[in-house]
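Trainee: Put the model up, please. I'd like to know where each label comes from.

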Amino acid sequence: MGVVTSAFLRITCILAFALSTRKRLHHLRLPWLTNRRPAGVITMMATSGALILVIEDDPPIRRFLHLTLEGQNYRVLEATTAAEGLRLFGQDSPDAIILDLGLPDRDGLALIKDIRQLSQLPVIVVSARGQEREKIDALDAGADDYLTKPFGVGELLARLRVALRRSADIHRPDRGVLEVGDINMNLDTRTVTVAGKNVHLTPHEYRLLLVLLRNAGKVLTHRQLLKETWGTGYGFETHYVRVCVNQLRRKLEPDQSQPKYIHTETGIGYRFNIEE
Ligand code: CA
């Protein structure tokens with residue numbers, strides 16, 4: 001209980017970061033979202049009033065998540081077991097799930113796999129298990145993101161917003177322009193510019209950048225990037241991804257030693273950064 005209380009207090013202490021993180025995220029320019037609707041409207045449509053299913057057996061953390069999410073105008077459903085979570089998922093069609101892996105009746109990992117058979121809704125794992133292997137397993141099973149307890153509430157809310165926005169626009173076509181920061185990727189002409197200057201990418205570099213941009217803000221495992229870029233026949237050649245990321249950084253990053261865009265998630269994979 002002592003550990004739980006201290007985790008709870010630590011989470012509470014960083015509540016103030018939520019609003020500043022929210023502001024930063026609004027600077028994001030993702031034209032595939034904005035071509036059809038103004039960015040501000042998308043944000044409101046995708047997140048305000050969204051129904052979030054919290055599957056967590058720890059009462060203080062569950063209560064805290066509930067209050068935090070309600071404070072951000074989300075609607076909240078609570079489940080304390082995997083079975084109850086799956087039932088509410090089927091019954092109420094939530095917009096996203098926040099999932100604890102250590103549940104009393106069943107492992108959360110198995111639950112992610114079941115949910116992925118039925119839906120692509122965002123699943124964000126919050127778990128006390130901080131091992132890289134656990135994170136990779138959850139992400140490979142289909143989780144959108146992973147936070148280790150105790151986590152910053154600002155970080156959780158930011159990841160949730162990114163996941164909801166991505167999910168609201170999951171059926172975007174293979175056309176148009178993707179733009180983040182100085183990077184502009186034109187899918188019609190297959191050209192990439194950085195700060196207005198043309199950059200030549202190999203087919204694998206182009207494909208990898210496309211996968212990263214389409215999943216901007218989300219952590220992708222080495223394995224996911226490998227399969228998405230090289231094809232489903234690949235699974236273990238993760239050094240291909242590392243080499244290709246290094247080449248992309250050389251061509252895109254203002255300072256390769258401190259990457260602004262392609263962040264390393266140590267031992268897990270990469271995340272295309274959309275915050276400042
Ligand atoms: Ca638990």
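Trainee: Why is Ala195 called exposed?

Mentor: Ala195 has 10 other C-beta atoms within 10 Å. The rule works on C-beta atoms placed from the backbone: 20 or more others within 10 Å is buried, 12 or fewer is exposed, and anything in between is partly exposed. With its 10, Ala195 is therefore exposed. Before we go on, note that this is a predicted model, where local features need pLDDT of at least 70, side-chain atom pairs count only at pLDDT 80 or more, and totals for chains, interfaces and linings use all residues. Residue numbers start from 1 along each chain as its sequence is written.

Trainee: Where is Ala195, and what is its phi?

Mentor: Ala195 lies in the loop between strand 8 and strand 9 (197-199). Its phi is positive, about 50°, although Ala195 is not a glycine. Most residues other than glycine have a negative phi. Strands here are DSSP runs of E with at least two residues, helices are runs of H or I with at least four, and both are numbered from the N terminus.

Trainee: What about Ser93: buried or exposed?

Mentor: Ser93 has 11 C-beta neighbours inside 10 Å, so by the same cut-offs it counts as exposed. Ser93 lies in the loop between helix 6 and strand 3, and its phi is positive too, about 45°.

Trainee: Which residues of strand 7 sit on the covered face?

Mentor: Ile183 and Met185 do, while Asn184 and Asn186 are on the uncovered one. In a regular strand the side chains alternate between the two faces of the sheet.

Trainee: Why do strand 10 and strand 11 count as edges?

Mentor: Look at the open antiparallel sheet of 3 strands, ordered 10-12-11. Strand 10 (219-221) and strand 11 (262-265) each have a single partner strand, so one side of each lacks a neighbour in the sheet. Strand 10 is joined to strand 12 (residues 269-272) by 3 bridges, which meets the requirement of at least two. Leu220 stands opposite Tyr270 in strand 12.

Trainee: What is the strand order in the parallel sheet?

Mentor: This open sheet has 5 strands in the order 2-1-3-4-5. Strand 2 (75-79) and strand 5 (145-148) are its edges, each pairing on one side only. Strand 1 (residues 51-55) and strand 3 (residues 96-99) run parallel over 4 bridges, and Ile52 has Ala96 as its bridge partner.

Trainee: What makes up the largest nonpolar core?

Mentor: A nonpolar core is a set of buried Ala, Val, Leu, Ile, Met, Phe, Trp, Tyr and Cys residues joined through C-beta atoms within 7 Å. The largest one has 60 residues, and Leu99, Ile124 and Val125 have the most contacts inside it. Helix 9 (residues 153-168) gives the most, 8 residues.

Trainee: How confident is the predictor overall?

Mentor: The average pLDDT, the predictor's confidence in each residue from 0 to 100, is 81, and 80% of the residues score at least 70.
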